Amino acid sequence: MVLQDFYCGDAFDAYLYFGAHPQPCGGVMFRVYAPNAAFIEVTGEFNDWNGFLMDKEGTSGVHSAYVSCAEIGQLYKYRIHAKDGRVFDKIDPFAFASEHTPEIASVITDLHSFEFSDREWISSRSKCYNEPMNIYEVQLGSWKKNDGAYYTYKELASLLIEYVKKHHFTHIELMPTAEYPNDASWGYQVTGFFSPTSRYGTPDDLKYLINECHKAGIGVITDFVLVHFAVDSFALVEFDGTALYEYPNAGAGISEWGSYNFNFYRGEVRCFIQSAANYWLEEFHFDGIRMDAVSNIIYWQGEPARGTNNGAVNFIRAMNSGLHHLHPNIILMAEDSSNYLKVTAPVEYNGLGFDYKWDMGWMNDTLNFFRTPPYERKYHYNEITFSMQYFYNELYILPLSHDEVVHGKATIIQKMWGDYDVKFSQCRALFAYMFTHPGKKLNFMGNEFAQFREWDEKREQDWDLLSYPLHDSFRRYISDLALLYCNNQALFNEEYNSLCFTWLEANAPDDCVYIYKRSSGGKSVITALNLSDKLYKDYTIGIDIMGYVTELINSDSEIYSGATPAAAASPIYIEKKRYKAMPYSFRDTLPPFSAKIYELTADSKK
């Protein structure tokens, strides 16, 4: 790293210069940036926590020390002597490992001790633009527990991979993996931006998990917090006795979560954040980054009324451009609830440079509709169709994430209108809509087997629910939907091409029926949703070509605990009979609160 690039915010590898680096000849070189400190001492197990004075390298702001007796695995901190006379200990901002929580010291670590064996995966991975992407969002500490304790990253590898493969997820998204002190923050209040949380083991353990996922053909995405940092005094706050990482003004510096906002107008801070993003991609082989709270980067305090934060927007563009240059095939996704334009447009076209954006509008409209009683749904009919009016503005992921199943919001199944059984039938219809709607898919753990209890980071998922037929059949249904999605190119190829989606019925509010067609490469899939509480026998479904349809999935089938007897699928011939704006049609029974998915085959003789 060139120091001038660090000051200007251009470097992406600051972690190779700063931090604690074991030397080939023995000992450890420590470097820390603290331009406003009077002087700094490094303390640790190697000197019985007595101060070892670090050299202040001219006016560079860098303090360094070579400690010959320091060894890998030992704990250390920096003792900051501020110019105003205060003395306090800080953890290393660039530490590569941390002492097991609730202890906080940094740990001297060999950054390159693990040998990956995933070269084939790395060389062949892609952004999945014309491929299926079905993401399983996981909080490792509450997915499964080991007799009440945490499994390590290494122990979770076989358990998680087997489960993900069985249910046809293509990617795992880990909630924040960087170190954090408070369990209740779920990792969104970070203190160690380069340090994998010690709750689940060592950095090499996390690398093992990712390496094993790649060998099994599973991509791994990390959730990355780049807007703000934790208020804990032992970390970044007033690191050298002054506002080094944060804004000096509390009006801009304190976030809506009570944490400190990063000051994107300092080159050193920009370099710190983008080096951390690069670190997880380069050193851990993550396949992508989900960036948290992007609207709080775009706008001051996340509020459009306060105006665009131009310095932050310029930073995100530069960082995304740099990350794509360093790692051409990784995925950058934005959790952004704003209407800001060109979030997923390339930087060279004045975009923010993300590959995907979470479709929060689709999520909110869909869940609101399914909360609504059937007799009111005709007044909310367009909440289901509206997403396709703006879908082609960005490259979207459809998220039903952890945020939708906590803090009194109720889980996805619990959000459904009606009593117990009706909730299941509606939730099956909802997921058919999700998996056949254009856009990549993301579900939080527990969604796949209809967990009723809100997520609690202190408890594992309610796996005992799978002993109940309704929940186990729901799990089977989600697995079958995912398999259909992954194996049918009409549901993922060219999904951002408006010519590949056709509404066959989007104007039936009294029936509360929706029908649409997805097409690609000569293959077509039709989805019919009956979101009313009425049974429609011989419902006429308009179609735009002659041929026949074959049922692929019926959400009301007995095998999914529905009411329709399971039977071998037989083709239904499409009649040359005009129905509304369509020249052809066929008839089928649509049970209440149900979805039917058909394969459409054109009649080559017509």
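**Helix packing and local backbone features**

The buried residues of helix H4 are covered by elements that include strand S10 (134–138), helix H3 (140–143), strand S13 (171–174), strand S15 (192–196) and helix H5. The model described here is predicted. The residues of H4 that are buried are Tyr153, Leu156, Ala157, Leu160, Ile161, Tyr163 and Val164. Helix H4 comprises 14 residues (153–166), which at 1.5 Å a residue should span 20 Å; the C-alpha atoms at its ends lie 20 Å apart, in agreement with that expectation. A bend of about 25° is found in H4 at Leu159. His168, which follows H4, has a positive phi near 65°.

Helix H5 (residues 203–215), one of the elements covering the buried residues of H4, also packs against helix H7 (residues 267–284): the axes of H5 and H7 come within 10 Å and cross at roughly 70°. The two helices are therefore roughly perpendicular, since angles of 65 to 115 degrees are counted in that class. On the H5 side the contact involves Pro203, Leu206, Lys207 and Ile210, and on the H7 side Trp280, Glu283 and Phe284. Sorted by class, the residues of this contact are 5 nonpolar and 2 charged, with no polar residue.

From H14, the residues in contact are Tyr420, Asp421, Phe424, Cys427, Arg428, Ala429, Phe431, Ala432 and Phe435. These meet Leu470, His471, Phe474, Tyr477, Ile478, Leu481, Ala482 and Tyr485 of H15. By class, the contact of H14 with H15 has 14 nonpolar residues, 1 polar residue and 2 charged residues.

Phe315 is located in helix H9 (residues 310–326). With a relative accessible area of 2%, Phe315 is buried, the cut-off for this assignment being under 20%. When neighbours within four places in sequence are set aside, Phe315 is in contact with Leu226, Phe264, Arg270, Ile273 and Gln274. Gly267 is 48 residues from Phe315 along the chain, and the C-alpha atoms of these two residues are separated by 9.4 Å.

Several loop residues were examined for backbone geometry. Most residues other than glycine have a negative phi, and most peptide bonds are trans. The peptide bond from Thr101 to Pro102 is cis, with omega near 10°. Pro102 belongs to the loop between strand S8 (87–90) and strand S9 (106–107).

Asp147, which is not a glycine, has a positive phi of about 55°. This residue is placed in the loop between strand S11 (145–146) and strand S12 (149–150). A relative accessible area of 79% makes Asp147 exposed, as the class begins over 50%. Trp186 is likewise not a glycine and has a positive phi, of about 60°. The loop that holds Trp186 runs between strand S14 (178–179) and S15. Trp186 is buried, at a relative accessible area of 8%. Positive phi thus occurs at an exposed residue, Asp147, and at a buried residue, Trp186.

Notes. Residues are numbered from 1 along each chain as its sequence is written. This is a predicted model: local features need pLDDT of at least 70, side-chain atom pairs count only at pLDDT 80 or more; totals for chains, interfaces and linings use all residues. Side-chain values use heavy atoms; hydrogens and water are left out. Axes are lines fitted to C-alpha atoms, for helices over the stretch in contact, and angles run from 0 to 180 degrees between N-to-C directions. Helices (H or I, at least four residues) and strands (E, at least two) are DSSP runs, numbered from the N terminus. Angles under 35 degrees count as roughly parallel, over 145 as roughly antiparallel, 65 to 115 as roughly perpendicular and the rest as oblique. Contact means heavy atoms within 4.5 Å. Ala, Val, Leu, Ile, Met, Phe, Trp, Tyr, Cys and Pro count as nonpolar, Asp, Glu, Lys and Arg as charged, and the others, Gly among them, as polar. The expected span of a helix is 1.5 Å times one less than its number of residues. The bend at a residue is the angle between axes fitted to the seven residues ending there and the seven starting there. Buried means under 20% relative accessible area, exposed over 50%, partly exposed in between (1.4 Å probe, protein chains only).
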